[in-house]
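My entries follow the structure.

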Amino acid sequence: MASMAASSSLAAMSHPHFLPAKPLAPPKPLMPPAPARQQAPRAGAAYGPRTSQSELRPESKNAHALSSELRRLARAGRLRSALSLLDHLSHRGVPASASAFAALLAACRSLPHARQVHAHLRVHGLDSNEFLLARLVELYLALGAAEDARQVLDGMPRATAYSWNALLHGHVRRGRGEASGPVADAFAEMRAAGADANEYTYGCVLKSIAGSARPSMTMATATHATLIKNAFVGAPGMLMTGLMDVYFKCGKVKLAVRVFEEMPERDVVAWGAAIAGFAHKGMKREALEHFRWMVEDGVKVNCVVLTSIVPVIGELRARNLGREIHCFVVKKFRDRKDVAKVQAGLVDMYCKCGDMVSGRRVFYSSKRNAVSWTALMSGYASNGRPDQALRCIAWMQQEGIRPDLIAVGTVLPVCTKLKALREGKQLHAYALRRWFLPNVSLCTSLITMYSSCNHLEYSHRVFHGMDKQTVQAWTSLVDAYLKNGDPSTAVDLFRTMLLSNRRPDAVAITRVLSACCGIGALKLGKELHGQVLKLRMEPLPLVAAELVHMYGRCGDLKAAQRVFNQTESKGSLTCTAIINAYAVNQRHKEALDLFAWMLSNRFVPTNATFNVVLRVCDAAGLHDEALEIFNSMVQEYNLEASEENYDCIIRLLTSAGRISEAQRFVDLKATLFSLPTPFLNCEQQ
């Protein structure tokens, strides 16, 4: 039924006539008509006579009525019908108004349609209208036709700031993280042409810097100096807010705070930009402080500010503060149309705080959309309910809500965890049908999902179907072979990646180093060490720890110790790696001495550190030391012991003849992990 309706609507759109050429004859009355009574004129009659059906026909020459019909068709999305009517008007010499062309330009979504409207502008004598030409410049840039946009701008007798701003704004819209260069060039040409820059000009420049993949601090400071020289062109509030956002994106928090403090007046937009900047840089406490100061200053909070601060509360797990914000939203924003995003943020906040009951309550009491469903799915996945997260994507479709790209990307790791191959294939097919692929993030998740289900051939197929194999995709494929027990193929894939001129990142290097550990390839490990030095990755703790681990596994303790000594930023990761290097080479005393050195230098051990040290004690038969380390892990560092840790202590105490103490650990393990309780006796020694 849906396809029939769609086809009928398409047929209606492509029909050559918009209204019947002749009005249908009225049916003959069964009774003679009553004499018409005179009616008082309507209030609207004072503004002019109402347009009749005959005036709306294509053969009519009522320019005002036909321009209104063009605007109506364009705003309804029926661009083909509007362009057909425009062709007919051009042939009959009926002029269309500038407002009709503005509506047509706003409705264009393809380059051929834009060029067709451009041609009609010349036919209707509007090719000198600066407003329409500026809109055309912006449209061409949005559609990727930079040369056409430039020709339109160069064809103007004297381009003003309005036209140049359209060019700058078009570059910002089309830039996708790479607009700063074209915007800087266009701004320089604008200044050279003698056009006066206004606040919108500088706003586009600041947006291009902030939206760049790598914001340029040089451009930011140069723009800041120009704004100071021009006294912020009479709009200090708007431009200082944009400048503060640029400094946050460049990582210069102190400069951003200084700009914020120098603002003459701080409105809700400025406060929201400051809060979002702190949240983006991970400075959660500062974001909450500025939110509190904003409320104390009497600035009215809007939904944009709430969508920035609610995720911060979730990451801090400040559930009580989140409930206060929830009450504020219910009291002030219950009937607002834009409250849906805030409610989705509240669902996510409660889920991050571990309160799934409140999260579900907010979810079912709000108007559900793809964002709120994604927040609930993410909450289920992060709270140990992956099966429920997988059901949610079916339930949302039953409500008529289509999963978007983020929803599919949220559920694919759930399929990986559950090894749900059938559901993963269904999501893959859905992503293909909705043209989500080849998205790099989705392809990477699909590669991982298929490899977890032992279908490496599907992982290969997804990988080779990508338009551009990124380093992340290569790393996922290498990791897939490692997890499936094939380190040799993983190493071969890494060599192929290097031959394809891909620069490996830290994650790719660590994955291949672990593959070298699996096959004992010391020579290849040394080659990778050379790559690390060449790429200047040796200061990274993750890479340094993996190098120490690789040399230790391959039996080269001197090299492992040398890498550890040369690491400037030592931490628990690198300390655990060097302890494990001595442990795998049966150097138990040195491993325990390194653990003592780690504690004396106030490095905080993790669960991985205690796992390694307890294995050392188990291999050396040191039951007293193991018991002391176990108590330190649980009591002093508040870490949860695993089943492996309990098994290690039980083995050591049993072998030492301390059966009663071992039995206590057996009972404790059975209680914590819901296991049956075995009873030890002297024969088990």
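I looked up helix 18 (residues 340-352) and helix 20 (residues 370-382), whose axes come within 8 Å and cross at roughly 5°; helices here are DSSP runs of H or I of at least four residues, numbered from the N terminus, and axes are lines fitted to C-alpha atoms over the stretch in contact, with angles running from 0 to 180 degrees between N-to-C directions. The two helices are therefore roughly parallel, the term for angles under 35 degrees. Helix 18 makes the contact (heavy atoms within 4.5 Å) through Ala344, Val347, Asp348 and Cys351, and helix 20 through Val371, Ser372, Ala375, Leu376 and Gly379.

I note that this is a predicted model, in which local features need pLDDT of at least 70 and side-chain atom pairs count only at pLDDT 80 or more, while totals for chains, interfaces and linings use all residues. Residues are numbered from 1 along each chain as its sequence is written, and side-chain values use heavy atoms, with hydrogens and water left out.

Next I took Arg319, which lies in helix 17 (residues 319-332) and is partly exposed at a relative accessible area of 30%, that is, between buried (under 20%) and exposed (over 50%), with a 1.4 Å probe and protein chains only. Leaving out residues up to four places away in sequence, I found that Arg319 touches Cys353, Asp355 and Ser358.

How values were computed: Angles under 35 degrees count as roughly parallel, over 145 as roughly antiparallel, 65 to 115 as roughly perpendicular and the rest as oblique.
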